[in-house]
Amino acid sequence: MTMFRIRQAAELLGVSDDTVRRWADSGRLPTTTDESGRRAVEGAELARFAEQLAAEAPPADQDGLGRSSARNRFTGLVTRVVRDTVMAQVEIQAGPYRVVSLMSREAADELGLKPGVLAVASIKSTNVVVEVPDNA
């Protein structure tokens, strides 16, 4: 079975180590000890908990953006905009994630996209590649 230490669980959930420890101490997130005697969370339990957290999050229409069928939103800062006569490449740093979008130059201009602007990348894709890291 896959086990995640508290630090790893926190990274995967996007919260601090202390938050995960508080959830564990309160009994909200079940933990066990790994082979080195450190506190850990079983992978299946962590997945269940992540789904529970997502279900508790405010609905997408409460984020000020209106309603949308896109379920993957990354809020971040525009870090780079490269424009040519027709197209623009916009880069957003959303936490640890770099999101790159290609759009018309007209759209980028209308949105006022430039480094430092707060933006939300809404992603809806019919093709998603899933990989498993070598150390998993």
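Buried residues are those with under 20% relative accessible area and exposed ones those over 50%, with partly exposed in between (1.4 Å probe, protein chains only); at 41%, Arg 80 therefore counts as partly exposed. The structure is a predicted model, in which local features need pLDDT of at least 70 and side-chain atom pairs count only at pLDDT 80 or more, while totals for chains, interfaces and linings use all residues. Residues are numbered from 1 along each chain as its sequence is written, and side-chain values use heavy atoms, with hydrogens and water left out.

**Salt bridges**

- A search of the whole structure finds 10 salt bridges (a side-chain nitrogen of Lys or Arg within 4 Å of a carboxyl oxygen of Asp or Glu).
- Arg 5 is partly exposed at 29% relative accessibility, whereas Asp 34 is buried at 11%.

**Strand 4 and its partners**

- Arg 80 forms a salt bridge with Glu 91, the closest N and O atoms being 3.3 Å apart, and since Arg 80 lies in strand 4 and Glu 91 in strand 5, the pair ties together parts 11 residues apart in sequence.
- Glu 91 is buried, with a relative accessible area of 8%, and a network of salt bridges links Arg 80, Glu 91 and Arg 98.

Definitions and conventions:
Helices (H or I, at least four residues) and strands (E, at least two) are DSSP runs, numbered from the N terminus.
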